[in-house]
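Have the coordinates open as you read.

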Amino acid sequence: MDSIRILGIDPGLRKTGWGLVAVQGTKLSYVACGVIQSDGDLDLALRLVQIHDGLTAVVRAWAPDEVSVEETFVNKDAQATLKLGHARAMALLVPALAGLPVAEYGANQVKKTVVGVGHAEKAQVAAMVRVLLPKADPKGADASDALAIAIAHAHHRKARSLTAALMAGA
């Protein structure tokens, strides 16, 4: 049985977390994780280039088979939501340009999958990531969240592909 490498991405303008897991059958294992930081003193366009280049390096170095990205939640600050949307665009664009399939998951779906509760706290998500991936040592919430996004995709990918196949045949 072949192993599938899933890259999870937690987009952010300041910090974009990434986490890579391998799935073989029902076995989930940690591969790597990290954070791409953009320079807050730069103009938005240059910060997006930093995120683009960082994610491109991750995709080249770790050769994922599939990618999962957290969907943007809309908060009260429209400007902040828009900036997050720009960072998320880089998280969608880079793997798409590499020819990789990209799935998207809402934060509550990720939390429900990993913790069992859709409104879990970040600390609960991080604790469950450590339980599910004992070898993982994420440095901060962004990398931990990215691993959670990869774990969620590992759990939902078969259902997603079955749904896509059924829709294609309809």
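Predicted model: local features only at pLDDT ≥ 70, side-chain atom pairs only at ≥ 80, totals over all residues.

The largest pocket holds about 540 Å³ of space. A pocket here is an open set of points on a 1 Å grid over the protein atoms alone, where a 1.4 Å probe fits and protein lies on both sides within 12 Å along at least five of seven lines; lining residues have an atom within 4 Å of a point. Volume is the space filled by probe spheres set on the points. There are 24 lining residues, with D10, P11, G12, F73 and L84 closest to the centre. They split into 9 nonpolar, 3 polar and 12 charged (Asp, Glu, Lys and Arg are charged; Ala, Val, Leu, Ile, Met, Phe, Trp, Tyr, Cys and Pro nonpolar; the others, Gly among them, polar). Helix α2 gives the largest share, 4 residues.

The second largest pocket has about 220 Å³ and 12 lining residues, V23, G25, T26, A154 and K158 being nearest its centre. Here α5 gives the most, 4 residues. Helices are DSSP runs of H or I with at least four residues, numbered from the N terminus.

Now back to α2 (78–97), which packs on α1 (44–62) at about 35°, axes 9 Å apart. Axes are lines fitted to C-alpha atoms over the stretch in contact, and angles run from 0 to 180 degrees between N-to-C directions. The contact (heavy atoms within 4.5 Å) includes L48 and L55 of α1 and M90 and V94 of α2. Its residues are 11 nonpolar, 3 polar and no charged.

Residues are numbered from 1 along each chain as its sequence is written. Local features need pLDDT of at least 70, side-chain atom pairs count only at pLDDT 80 or more, totals for chains, interfaces and linings use all residues, and side-chain values use heavy atoms, leaving out hydrogens and water.

Notes. Helix = DSSP H or I, 4+ residues; strand = E, 2+ residues; numbered from the N terminus.
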